[in-house]
Amino acid sequence: MSASEIPDKFQDILRPHLPYADSGDLAAASDLGGLGLDSMSIVALLADIENSYDVELPDDILNEETFATVGSLWRTLSTLVA
């Protein structure tokens with residue numbers, strides 16, 4: 001998965017929660033923790049995702065693997081918004 005496969009809308013939602021991300025496109029392999037996503041920002045990010053995509057993320061997908069990288073989070077979300 002390349003950066004071009006991560007939709008701009010998703011990047012726009014994600015970027016405010018990543019204090020260490022630069023202004024360029026987010027790479028699918030980018031480590032969310034390394035970009036500054038922590039447990040508190042995950043809660044705010046989840047609210048933003050649910051509001052923006054009008055979905056409710058099931059508890060069983062909220063795990064470390066889902067929040068490992070930009071790509072893993074998008075792959076999980078994309079199955080709900082497809």
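The chain exposes about 4,700 Å², an accessible area computed by the Shrake-Rupley method with a 1.4 Å probe, where for residues only the protein chains shown count as cover. Carbon and sulfur atoms supply 50% of that surface. This is a predicted model, in which local features need pLDDT of at least 70 and side-chain atom pairs count only at pLDDT 80 or more, while totals for chains, interfaces and linings use all residues. Residues are numbered from 1 along each chain as its sequence is written, and side-chain values use heavy atoms, leaving out hydrogens and water.

**Overall build**

- The chain has three helices and zero strands, where helices (H or I, at least four residues) and strands (E, at least two) are DSSP runs numbered from the N terminus.
- Along the sequence, the pattern reads α-α-α.
- A compact globule of 82 residues would have a radius of gyration near 12 Å, and the chain agrees with its 11 Å; the radius is taken over C-alpha atoms, and the globule rule is 2.2 Å times the number of residues to the power 0.38.
- Along the principal axes, the C-alpha atoms fill a box of roughly 30 × 25 × 20 Å.

**Inside the chain**

- Of the 82 residues, 41% are buried (under 20% relative accessible area, with exposed meaning over 50% and partly exposed in between; 1.4 Å probe, protein chains only).
- Among contacts (heavy atoms within 4.5 Å) with a separation of 6 or more, 53% join residues 24 or more positions apart.

**The aromatic cluster**

- You will find two aromatic pairs here; rings of Phe, Tyr and Trp (its six-membered ring) pair if their centres lie within 6.5 Å, and planes under 30 degrees apart count as stacked, over 60 as edge-to-face and the rest as tilted.
- Phe10 and Trp74 make a tilted pair, 5.1 Å centre to centre with 45 degrees between the planes.
- Because Phe10 lies in helix H1 (residues 8-14) and Trp74 in helix H3, this pair ties together parts 64 residues apart in sequence.
- Phe10 is buried at 0% relative accessibility, and Trp74 is buried at 11%.
- Tyr53 and Trp74 are also tilted, at 6.2 Å centre to centre and 45 degrees between the planes.
- Tyr53 lies in helix H2, so its pair with Trp74 in helix H3 ties together parts 21 residues apart in sequence.
- Phe10, Tyr53 and Trp74 form one aromatic cluster.

**A loop residue**

- Thr66 sits in the loop between helix H2 (39-53) and helix H3 (70-81).
- Thr66 is buried, at 7% relative accessible area.
- Beyond its neighbours within four places in sequence, Thr66 contacts Ile61, Ser72, Leu73 and Thr76.
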